[in-house]
Amino acid sequence: MADETHHNMSEENLRRLTMLVAALAVIYVMTFLSGFLQDTQLNFFNYIFFSLLFIGGIVLMSTTVTSKATGKTRAFLFLTGIASTLLLIFYIGYEWFRLKGYRDLEGSIEALLYWITLLFWIGVVVSLVLIRRLKGLNSPQS
């Protein structure tokens, strides 16, 4: 029964989901690298990349709904989308506490950012594996 549902997903939907998840992964790497610009005049790149992650997460979640993904694939795609949107929200909190000098709260928010990052990467890796598996189910050889 689950295989029949997955066969209904078009190659275009699977390709779009793969591209979105891969793009979020690349944007996250750029976000990580821009973190070295903190406390410089180029810190605004952090805001740009975190905003791109936020927008990409929303796009991934809406594309997941329209792609008719089901089961584990849908769950991990949503995990990836939610984690990428939460990264911006908690980063803003982190920056605010850092700039105000609240070191204890800054440290707590930073720890949450690390946990959200872990969830994000778990979502990315598992989503890509599951999408690849679905592509195998949709191939004419099966």
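Predicted model: local features only at pLDDT ≥ 70, side-chain atom pairs only at ≥ 80, totals over all residues.
Biologist: At what angle do helix 3 and helix 4 pack, and are they roughly parallel or antiparallel?

Modeller: Helix 3 covers residues 44–66 and helix 4 covers residues 71–100. Their axes lie 8 Å apart, at an angle of about 155°. Angles over 145 degrees count as roughly antiparallel. Helix 3 is therefore roughly antiparallel to helix 4.

Biologist: Which residues make that contact, and how do they divide into nonpolar, polar and charged?

Modeller: Helix 3 passes helix 4 in a left-handed crossing. From helix 3, the contact includes Tyr-47, Phe-50, Phe-54, Gly-57 and Leu-60. From helix 4, Arg-74, Leu-77, Gly-81, Tyr-91 and Glu-95 are among the residues involved. The division is 14 nonpolar, eight polar and two charged.

Biologist: Where helix 2 meets helix 4, how close do the axes come, and at what angle do they cross?

Modeller: Helix 2 spans residues 11–34. The crossing with helix 4 is left-handed. The axes come within 12 Å and cross at roughly 30°.

Biologist: Which residues form the contact of helix 2 with helix 4, and how many are charged?

Modeller: Helix 2 supplies Leu-17, Val-21, Leu-24 and Tyr-28. Helix 4 supplies Leu-77, Thr-80, Ser-84 and Leu-87. Six of the contact residues are nonpolar and two are polar. As for charged residues, there are none.

Biologist: Is Leu-17 buried or exposed?

Modeller: Leu-17 lies in helix 2. Its relative accessibility is 0%. Buried means under 20%, so Leu-17 counts as buried.

Biologist: What separates the C-alpha atoms of Leu-17 and Phe-76?

Modeller: The two residues are 59 residues apart along the chain.

Biologist: How many aromatic pairs does the structure hold, and which residues do ring pairs link into a cluster?

Modeller: A search of the whole structure finds twelve aromatic pairs. Tyr-47 and Phe-50 of helix 3 and Tyr-91 of helix 4 also take part in the contact between these helices. The cluster linked by ring pairs is Tyr-47, Phe-50, Tyr-91 and Tyr-94.

Biologist: Is the pair of Phe-97 and Tyr-102 stacked or edge-to-face?

Modeller: A pair of aromatic rings is described by the distance of the centres and the angle of the planes. For Phe-97 and Tyr-102 the centres lie 6.1 Å apart, with 70° between the planes. Planes over 60 degrees apart count as edge-to-face. The pair is therefore edge-to-face.

Biologist: Which accessibility class does each of these two residues fall into?

Modeller: Phe-97 has 18% relative accessibility, so it counts as buried. Tyr-102 has a relative accessible area of 42%, so it is partly exposed.

Biologist: What is phi of Asp-39, and where is the residue placed?

Modeller: Asp-39 is exposed, with a relative accessible area of 62%. Its phi is near 65°, a positive value in a residue other than glycine. Its place is the loop between helix 2 and helix 3.

Biologist: Is Lys-68 buried or exposed?

Modeller: Lys-68 is found in the loop between helix 3 and helix 4. Phi of Lys-68 is near 65°, a positive value in a residue other than glycine. At 59% relative accessibility, Lys-68 counts as exposed.

Terms used: Residues numbered from 1 in each chain as written. Heavy atoms only, no water. Axes fitted to C-alpha atoms, helices over the stretch in contact; angles between N-to-C directions. Helix = DSSP H or I, 4+ residues; strand = E, 2+ residues; numbered from the N terminus. Parallel < 35°, antiparallel > 145°, perpendicular 65-115°, else oblique. Left-handed = near helix turned anticlockwise from the far one by under 90°. Contact = heavy atoms within 4.5 Å. Nonpolar A, V, L, I, M, F, W, Y, C, P; charged D, E, K, R; others polar. Phe/Tyr/Trp six-rings, centres within 6.5 Å; stacked < 30°, edge-to-face > 60°. Buried < 20%, exposed > 50% of the residue type's maximum accessible area, 1.4 Å probe, protein only.
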